[in-house]
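Please keep the sequence and the 3D view open while going through the points below.

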Amino acid sequence: MGVDTESARPSMLVLARESRAMTQADVAEAMTKALDGEGVVSQGYVSKAESGRLAVFGDRLALYAQALRYTPHLLCLDGDAEGAGVGLIHHRKKASLATTSLRTVHAQLNLVRLQLRNLLQAVRPAVLFERIEVDDRETAEDAAQTLRARWGLPPGPIESVVGAIESAGGLVIRRPLAGRELDAVSQWPEGENPIFIVNALAPADRQRFTLSHELGHVAMHVVPNGLQEQQADQFAAEFLLPARDIESDLRTHIDLDRLYELKKVWRVSMATLLRRAQTLGAVSGWRHRQLTIELSTLGYRTAEPQIFPPEKPALIPALIRHLQQERQLAVADLARLAGLHEDEFIDFFLAEASTP
């Protein structure tokens, strides 16, 4: 059955609207504008459509899709559009992030989940992730050590956090998210690959720690708990900066020059290295405060010198290229499977792979 005889699913109408950070009134206005003087769409119509009190199909479906800048096909997709029962959503954000902005990001994550499900169902990579229980005996640091061992990561700095996650079957995407107030969002849908969306606006050193933080959530947290953010930070610190490997680097006098040199090696922020030094007892609380003030005075608490580029995902573009080559699917065909217009599909899933 073609989409011209299908009806939009109410839950998809809500999800698509929220992913665009639009209100019902915004959608009604966009639909009215698209009618170009041939009619008016009210907010009440949008409300009824989203609640399932009227069907959206045919020309009205095409108009709705035009207003939301998606394809009619996406609005007719089935399958847990609300995101319920498909895995806890984790995010690393600032307290100042507005609830509406967070709802937008969660909607974007759920749309990505559905898009990748449709795109990659024939080439989904094997998942090497495992749940690691954290309790009174097994700490977040233990979990990080366990995962490094299971994934066969060598001692010392991790060459690529993105690469390690992708090698284990995780799907990583970089795109702008809610300004600089949210660093990443992640989810492990049941029976599917873990998904990580990292804020492309964040500095490269912060992206590595953020992605490791989200990895900790995905590995350790099936249900929320009051300690989960602290545990995810502890996991990320040990995953990126294992105590037994970095200890020798922290034995020398720690000052800003030393932190800068260590940043080149471990590829995390100077602030992260300073926190790790304090946690491991390499600097006193007084020295930590002193160096924190120095970082702040130089403006490094806001933006440190960026001395290495951000890590770019390669797995999704590679899987898409495989579909193009093996199944003779054009970008337009793949975009339709994802429910996106071709230019947005390229921007979301392929553009970074073609840039140095």
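**Helix packing and aromatic contacts**

Helix α9 (residues 204–220) packs against helix α10 (residues 228–240) at an angle of about 120 degrees, and their axes are 8 Å apart. The model is a predicted one.

**α9 and α10**

- On the α9 side, the contact is made by R208, F209, S212, H213, L215, G216, H217 and M220.
- On the α10 side, the contact is made by Q228, E229, Q231, A232, D233, F235, A236, A237, F239 and L240.
- The crossing in which α9 passes α10 is right-handed.

**α7 and α10**

- Helix α10 also packs with α7, at an angle of about 40 degrees and with the axes 8 Å apart.
- α7 passes α10 in a right-handed crossing.
- From α7, the residues A140, E141, A143, A144, Q145, L147 and R148 take part, and they meet Q231, Q234, F235, E238, F239 and L240 in α10.

**α1 and α6**

- The axes of helix α1 (residues 10–19) and α6 come within 7 Å and cross at roughly 120 degrees.
- α1 and α6 are therefore oblique to each other.
- The crossing of α1 past α6 is left-handed.
- M12, L15, A16, E18 and S19 of α1 meet R103, T104, A107, Q108, N110, L111 and L114 of α6.

**Aromatic rings**

- Across the whole structure, a search finds eight aromatic pairs.
- One of them is formed by F129 and W151, which are edge-to-face, with 5.1 Å from centre to centre and 70 degrees between the planes.
- This pair links distant parts of the chain, 22 residues apart.
- F129 is in the loop between α6 (99–120) and α7 (140–150), while W151 is in the loop between α7 and α8 (161–167).
- Both F129 and W151 are buried.
- F129 and W151 belong to one aromatic cluster with W188, F196, F235 and F239.
- F235 and F239 of that cluster are also among the α10 residues that meet α7.

**Charges over rings**

- R60 lies over the face of Y45, at 4.9 Å from the ring centre.
- R175 lies over the face of F348, at 3.7 Å from the ring centre.

**Helix α17**

- In helix α17 (residues 342–350), the buried residues are E344, F345, F349 and L350.
- The elements covering these buried residues include α6, β2 (171–175), α15 (315–326) and α16 (331–338).

**Residue D78**

- D78 is placed in the loop between α5 (72–75) and β1 (90–93).
- D78 counts as exposed because its relative accessibility is 56%, and the cut-off for exposed is over 50%.
- Apart from its neighbours within four places in sequence, D78 is in contact with R9, L114 and R117.
- D78 and L119 are 41 residues apart along the chain, and their C-alpha atoms are separated by 14 Å.

Technical notes. Residues numbered from 1 in each chain as written. Predicted model: local features only at pLDDT ≥ 70, side-chain atom pairs only at ≥ 80, totals over all residues. Heavy atoms only, no water. Phe/Tyr/Trp six-rings, centres within 6.5 Å; stacked < 30°, edge-to-face > 60°. Helix = DSSP H or I, 4+ residues; strand = E, 2+ residues; numbered from the N terminus. Buried < 20%, exposed > 50% of the residue type's maximum accessible area, 1.4 Å probe, protein only. Lys NZ or Arg CZ within 6 Å of the ring centre and 35° of its normal. Contact = heavy atoms within 4.5 Å. Axes fitted to C-alpha atoms, helices over the stretch in contact; angles between N-to-C directions. Parallel < 35°, antiparallel > 145°, perpendicular 65-115°, else oblique. Left-handed = near helix turned anticlockwise from the far one by under 90°.
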